[in-house]
Amino acid sequence: MRRIFVDPSQIESQQVQLSDESFHHAVSVLRMKSGEEFGVMCGDGYLYQCRLEKIEKKSASAQIVERIKLPELPKPEVHLAISLPRLNTFEWILEKSVELGVKSIQPLTSEFSFIKRPAELSENKIERLQKILRGATEQSQRGDLMELKPLIPLADWLKGHQSAGGAPCLFAYEGAETMAQAGKAAKTLKGALTEIKAQNPQAIWALSGSEGGFSMKEVQLLQSFNHFPVSMGHQILRAETACLALVSVIKYEFDHMGDANGPTG
């Protein structure tokens, strides 16, 4: 079934009003005709099965035929914090994170991030990222809308994370293996996950760097907040590969891929 993402305000009682972007997508892109059925999503956890009724010059209306509850994301919630890489790379990470069931993404500025100051991320770019997010939600038939948090400095996120209770965090660092061999505080990914699973957390964070990774000063800062580096193996991974691998391993270890929690997609 074709699916369209709309703003919740476009759903009124038993009807959906299509306008602006949703109208363009339905009528101009998908070339829907009166009488066709399609799915509507607005991030409230439901899929609305609709029948297109009236098409006007700049708007259309559809009758809601059925409201279907979509599967909720399993626990623990998986959140991703990433030092902002090149924007085309971040767009790819954003899309795949929606598909993989990441609850929220926290982009960060750091010494090697592509953008150094939050003010440098334009409103137009933020709107493009939100459009990609909505499109990925349509495609994956995910019930909720993943949260894209505002870009903030690494140090500010660490302070906020700690004050919010400090959910467990897996800090992927390309130098973790060397640090462990030198007797410094670092862990294997499997070892760190074993410790976290024993805590039975309701949420878990994955933290990864941009193309340049993290500076040693930032690694020391992260360690001061009890975020110790974990190794992703012998090879150096690209920023997007590290994010995808880290989230996928977390989902597998916590049975999010269709075992204890049942099918999720």
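Author: Start with elements: helices (H or I, at least four residues) and strands (E, at least two) are DSSP runs, numbered from the N terminus. Here, α7 is followed by N226, whose phi is positive, near 65°. This is a predicted model: local features need pLDDT of at least 70, side-chain atom pairs count only at pLDDT 80 or more, and totals for chains, interfaces and linings use all residues. Residues are numbered from 1 along each chain as its sequence is written, and side-chain values use heavy atoms, with hydrogens and water left out.

Reader: Which residues of helix α7 are buried?

Author: An α-helix has 3.6 residues a turn, so residues three or four places apart point the same way. Buried means under 20% relative accessible area, exposed over 50%, partly exposed in between (1.4 Å probe, protein chains only). In α7, residues 216–224, the buried ones are E218, V219, L222 and Q223. Seen down the axis of α7, they fall within an arc of 145° (directions from the helix axis to the C-beta atoms), so they line one face. K217 and S224 are exposed, on the face turned away from the buried side.

Reader: How many residues has the largest nonpolar core?

Author: A nonpolar core is a set of buried Ala, Val, Leu, Ile, Met, Phe, Trp, Tyr and Cys residues joined through side-chain atoms within 4.5 Å. The largest has 35 residues; L94, I105, L170, I204 and I250 have the most contacts inside it. Helix α2 gives the most to this core, with 5 residues. Apart from it lies another core, of 17 residues, among them I11, L18, F23 and Y48.
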